[in-house]
Amino acid sequence: MLRLRRNCDMLALTLLQVAILLATVAHAARPLEQSAMDQAASHSTLSSSKRDREKHPYHTPTGLFIQERASKQLPGPGQHFSFGALVTWDRIHEMLDDLPDAKLVFLIRHGQAVSNYLSDFLGPDEWFKWETKCSYHDANGTFWGIFDADLTDLGKAEADALNSMLKDGSWFDTLTAGRPARTVVSPLSRCLETATRALKGLSFTEYNVEENVRETLGEDTCDARRAASDPAEDDKEHLQGVCKFELGLRSKFPHFDFPVTPPHRSRDDGGDGDDEGGGDEAAAVNGHGDDDPTGPSRRDGFGLLADADPLWTEDRETQGHQTKRALAFLRDLWTFAPEKVVFVVTHSGFTRSVLLAVGREPYRPQNTELVPVLVQKLPSF
């Protein structure tokens, strides 16, 4: 009887999630009301005179997207109509042209992962007992991998639905206005799977895997990543960092490149400026001790900071650290990506931190929700 009840509960939860997914697709395609566009245009501003440029080197105009109103009631859940645009996308691209040193960044949260499903199904109290474990076994004996969690079937469907909107619904052409676009992806499995499905068949100048756009670091094993390389054959029964795994990133996702691009050791660190740093340097460039993440990048490009995960610890990353990590990513984005349009497949926590880094209210997106942000790098003085 207990097993039947649990199966019924799982079916009910899945049906509810599918219904939300269908509502999300319909909601995003809803036409924008002219009154909303007019109101947003009248409140939009390009002024940065009130901002402390030394503390906030990146600026975003206001009044463009409904996600800016995170402290107020929003329509939802999921994709907002016109992906949240309160003015026409033609107007947004005009502003992109008018603003010096600006980029249009589309932050995409991954689809539902096993960890997301289990946290919803088990509830916060029971999930708290499991979130630091490598796996979960339910009453039926079903195995659920928590470490570097994969997408669920619903998560795959959510990514496919986003692809249908972007590709078949021609939203990709609208969002990019025909400009060259680059994709940057978190090296966690749920984001690599989401990018593979959601961005399938779309034209990008480059796909980059980037360590800096990972979810909040530490404590939860779903946010730890596997190494780029496979474990040695005689070592597979031992822990590989946080948990055991069979396939490294390069074997599990052969269609992605996983370069290792640690920061060069600076003279202040006792180096000559040419040597590459190790784990301590990797931590520094990601907001753990780097006192100036907005300074010049010490890396050669996007990628992993080491073959194995150098960042996960048993202590959870603070919001301040993660915001500094977001600033480090923005610095590298302006350093390594000439494109003015960039898609970033990432996580809810890192999305919130990017918004904080550019002076917007923090906003928690739903699975596969696309959050647009127009960002200008302000001149230093």
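Residues are numbered from 1 along each chain as its sequence is written. Because the model is predicted, local features need pLDDT of at least 70 and side-chain atom pairs count only at pLDDT 80 or more, while totals for chains, interfaces and linings use all residues; side-chain values use heavy atoms, with hydrogens and water left out.

The description begins with the sheet. Helices (H or I, at least four residues) and strands (E, at least two) are DSSP runs, numbered from the N terminus. Six strands form an open sheet of mixed pairing, in the order S1-S8-S2-S7-S5-S6; two strands pair if DSSP finds at least two bridges between them. S1 and strand S6 (207–209) are the edge strands, each pairing on one side only. S5 and S7 run parallel and are joined by five bridges.

Within strand S5 (residues 181–185) lies threonine 183, whose bridge partner in S7 is phenylalanine 343. Is threonine 183 buried or exposed? Its relative accessibility is 0%, and therefore threonine 183 counts as buried; buried means under 20% relative accessible area, exposed over 50%, and partly exposed in between (1.4 Å probe, protein chains only). Leaving aside neighbours within four places in sequence, threonine 183 is in contact with Leu199, Phe204, Glu206, Tyr207, Asn208 and Phe343, where contact means heavy atoms within 4.5 Å.

Helix H12 (residues 348–357) is largely enclosed by the rest of the structure, because eight of its 10 residues are buried. These buried residues are Ser348, Gly349, Phe350, Thr351, Ser353, Val354, Leu355 and Ala357. Their cover includes strands of the sheet, among them strand S2 (102–109) and strand S8 (370–377), and also helix H11 (319–336). After H12 comes glycine 359, whose phi is positive, near 90°.

The last topic is a pair of helices. Two packed helices are described by the angle between their axes and the distance between the axes. Helix H6 (residues 153–168) and helix H8 (residues 189–198) pack at an angle of about 35°, with their axes 8 Å apart. Axes are lines fitted to C-alpha atoms, for helices over the stretch in contact, and angles run from 0 to 180 degrees between N-to-C directions. In H6, Lys156, Ala159, Asp160, Leu162, Asn163 and Leu166 meet Thr194, Arg197 and Ala198 in H8.
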